[in-house]
Amino acid sequence: MIARHVVVHGMVQGVGFRWSMASEARRAGARGWVRNRSDGTVEAHVEGDQEAVDALVTWAHGGPRLARVTHVEVDDAQPTGAVEFDIEP
């Protein structure tokens, strides 16, 4: 079990990024959460096996069709034991 803290920059709010990321996470088998931040970025905590986490981090570099990702920050994080992938307000 590994975890990553992800912050996605660009035109990533108002384009369905959180819902798309949650869908991709569930498909990949990743767990954690995603939320919008007040600075216009999208932040996520992603955990699971290496393959699932890597798949979601790779996806975040492009995001959904309408997103325009300019930069993605990825840092190691501690797993929290999340059992699903949530969309936070």
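This is a predicted model: local features need pLDDT of at least 70, side-chain atom pairs count only at pLDDT 80 or more; totals for chains, interfaces and linings use all residues.
Colleague: What is arginine 18 in contact with, leaving aside its neighbours within four places in sequence?

Modeller: Its partners are Val34, Arg35, Asn36, Val42, Ile87, Glu88 and Pro89. What makes each of them a contact is heavy atoms within 4.5 Å.

Colleague: And asparagine 36, why is that one called buried, partly exposed or exposed?

Modeller: Asparagine 36 has a relative accessible area of 25%, so it is partly exposed. You'll find asparagine 36 in strand β2. Leaving aside neighbours within four places in sequence, asparagine 36 is in contact with Gln13, Arg18, Thr41, Val42 and Pro89.

Colleague: Which residues carry the UniProt feature "active site"?

Modeller: UniProt places it at Arg18 and Asn36, in an unreviewed entry.

Colleague: In what order do the strands of the open sheet come?

Modeller: The 5 strands go β4-β1-β3-β2-β5, with mixed pairing. β4 (68-77) and β5 (85-87) each have a single partner strand, so they stand at the edges, with one side of each left without a neighbour in the sheet. On average, neighbouring strands are turned by 15° against each other, direction ignored.

Colleague: Where do helices α1 and α2 sit?

Modeller: Helix α1 (residues 17-28) lies across β1 (2-11), β2, β3, β4 and β5, and runs at about 170° to β5. Helix α2 (residues 50-60) packs on the sheet too, touching β1, β3, β4 and β5, and its direction makes about 10° with that of β1.

Colleague: What makes glutamine 50 buried, partly exposed or exposed?

Modeller: Glutamine 50 lies in helix α2. Its relative accessibility is 41%, which falls between the 20% and 50% cut-offs, so glutamine 50 counts as partly exposed. Not counting residues up to four places away in sequence, glutamine 50 touches Ile2 and Arg4. The C-alpha atoms of glutamine 50 and alanine 3 are separated by 8.5 Å, with the two residues 47 apart along the chain.

Conventions. Residues are numbered from 1 along each chain as its sequence is written. Side-chain values use heavy atoms; hydrogens and water are left out. Two strands pair if DSSP finds at least two bridges between them. Helices (H or I, at least four residues) and strands (E, at least two) are DSSP runs, numbered from the N terminus. Axes are lines fitted to C-alpha atoms, for helices over the stretch in contact, and angles run from 0 to 180 degrees between N-to-C directions. Buried means under 20% relative accessible area, exposed over 50%, partly exposed in between (1.4 Å probe, protein chains only). UniProt positions are given in the numbering used here, feature names are shortened, and annotations may be inferred rather than shown by experiment.
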